[in-house]
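Subject: Structure for you to look at

Hello,

Here is the structure I promised. Please open it beside this email and follow along.

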Amino acid sequence: MIRDSGNRKNRIASSPRGRKKAASPSRGAWSSLLSRVGRLAIGFLALLFWLPSQAARLKPLLTRLRAFLAPFFALLPPRLRAPGPLRASLVALAVLVCAAPPIIAAAASGASPRDAAINSAQTPAATASPAPQTPSPTPIPTPTPDPTPTPAPHPENTVLRQGVSAPVVAQIQERLMDLGYMEHDEPTDYFGPVTEQALLLFQRQHGLDEDGRVGMETYELLRGRDAQNYTVMLEAKGVDVTELQSRLRELGYMDDVTGFFGELTEQAVRLFQQYNNLTVDGKVGRKTRELLYSTQAKAYFLKYGERSDEVESFQKYLKNLGYLTTTPDGVYGKDTVAAVRRFQELNGLIADGFLGPKTVSLLKSGSARANALVFGMSGDDVRNIQTRLKNLGYMKNVTGYFGSETESAVKAFQKRNGLSVDGTVGRQTMTKLTSSGAKKAASGSGGTGSSSSSSSSSSAADSRIEDFLSIAQSKLGCPYVWGAKGPGSFDCSGFVYYCLNRAGVNQGYMTSEAWSQSAKYRKITRTGDLKRGDILVFRGHVAIYMGNGRMIDASSGRGEVVTRSGIWSSSYWKSHFVCGFRIF
């Protein structure tokens, strides 16, 4: 038998008893209340089981709750505030009061009591409804201040010394060059040993502490109007004093080299100035120094026209080496002066024509070079040789300068006449050349004026130029030392002198001033006409031209042998250019 449950309920609801039950309001209200209390009890039990596992997460809530209840506990009697069961009950009641609203709300919405408890612990603000907190303002980042740039080294903020690089160093070098303490060169920012040596000379002359450094005292005096030009005088001592004493001794003005400028040195300087028509003050300034190291300096050792047995003994040495063409007679005449000059030129001395200690010592030694007309020489004897070679058909032009064309003609003559072919006119070549048995050039050779001979001469010149430049480049990096002539250190004049002689050009030592007045080589006055291998002469400086605006030289500013590019685009070198000389 199938029962219709739906119909049964309808019958009960429609019965008198059912209608009475539905119409009773108190019965429904109590039923709803009991249901909510049951759910609250279940939630409270769940909370008791859940709280221990959430101690760490509830700690902030309890801390805030304690702070909130503290004023109220303060109002309670002491017996109620004392720790004990009563106080624990009050705290538990407070927790229950705070947790009850979300749990009741969750029960009404169907959520589990456990979820409600978790929400209560994680969102304490929902129970206490504290006042909204004002958000903290976003901090404005403090801008990082730009670092204060470190000022360039300058005497105002530091003491300049060797090894420093700074723009003010170039100003110091330029001033030292103008005053004569440094050789003229393009100033640089680098404070090297040459700058230090120049400062020592400046400090020595001005009575300052000689430390080679630039503090404010040295800097202000160097820039001021009271700065003195470089002068060697009484009480001075140093390498420069030794150097000038050696030169005075060579010219016969003094006997001893001590390195100290005393009264004897002053007397020697006065005597030199007197004999060379200079202002007699006993001090070695720029003019005295320039003349002292030039070929125009007049010596005091043996004067022109002097007659003595000593002169005759020197003449015999010169005769044996082929420099003197006349008979020794003891008179220091024009022929003897010419022979001495040629001897000095071929043996690397200043060709002043006087028999000083160095000249005499070398003349008597077994290492003296015999006379020969060689590449780079000029004069009447060269012209005479060229004339003879022209008459024999070996060359076309007579110039008075022994250059590549003359060298090629001499080699052709030596080969034709069975001599050692070296391109120099020594004793044997000279004897054969001036004899009646000298063979003329082969027919059809046309001399060096022909195209084939000219090509050979040009090729020989190019080869010499490259050898010359290779010698110069092999000395790159060698230190600059004022007055040095090699092989390990140089000044600008010494560098040119050394390279020329190593390349077979017998050229005596000359300063930039002496070079500018030379009449020995072809002079070039336009920079556009300069060629590779020419000698460059600037005001106070000499160098070797490498072509295409490049040169190689011993630099006082950089302190060593260097190469430089773009010299004709440099205002410094353009304004200081004097002339050039064609050597090859």
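First, a term you will need: two strands pair if DSSP finds at least two bridges between them. Strands β2 (residues 535–538) and β6 (residues 577–582) have 4 bridges joining them, and they run antiparallel. One example is Ile535, whose bridge partner in β6 is Phe581. Bear in mind that this is a predicted model.

Now the whole sheet. It is open and has 6 strands, in the order β1-β6-β2-β3-β4-β5, with antiparallel pairing. Which strands stand at the edges? They are β1 (522–524) and β5 (560–564). Each has a single partner strand, so one side of each is left without a neighbour in the sheet. From one strand to the next, the twist averages 30 degrees.

A helix goes with the sheet. Helix α22 (residues 492–502) lies across β2, β3 (541–547), β4 (550–555) and β5. Its angle to β3 is about 50 degrees.

Next, the rings. The count of aromatic pairs comes to 21. One of them is Tyr545 with Trp568, a tilted pair at 6.1 Å centre to centre and 45 degrees between the planes. Tyr545 is in strand β3, while Trp568 is in the loop between β5 and α24 (571–576), 23 residues apart. Trp568 also pairs with Phe577, edge-to-face, at 5.5 Å and 85 degrees. Tyr545 is buried, at 5% relative accessible area. Phe577 is buried too, at 16%.

Last, two charges over rings. The charged end of Arg464 sits 4.1 Å from the ring centre of Phe375. That of Lys485 sits over Tyr509, 4.3 Å from the ring centre.

Best wishes

Notes:
Residues are numbered from 1 along each chain as its sequence is written. This is a predicted model: local features need pLDDT of at least 70, side-chain atom pairs count only at pLDDT 80 or more; totals for chains, interfaces and linings use all residues. Side-chain values use heavy atoms; hydrogens and water are left out. Helices (H or I, at least four residues) and strands (E, at least two) are DSSP runs, numbered from the N terminus. Axes are lines fitted to C-alpha atoms, for helices over the stretch in contact, and angles run from 0 to 180 degrees between N-to-C directions. Contact means heavy atoms within 4.5 Å. Rings of Phe, Tyr and Trp (its six-membered ring) pair if their centres lie within 6.5 Å; planes under 30 degrees apart count as stacked, over 60 as edge-to-face and the rest as tilted. Buried means under 20% relative accessible area, exposed over 50%, partly exposed in between (1.4 Å probe, protein chains only). A charge sits over a ring if NZ of Lys or CZ of Arg is within 6 Å of the ring centre and within 35 degrees of the ring normal.
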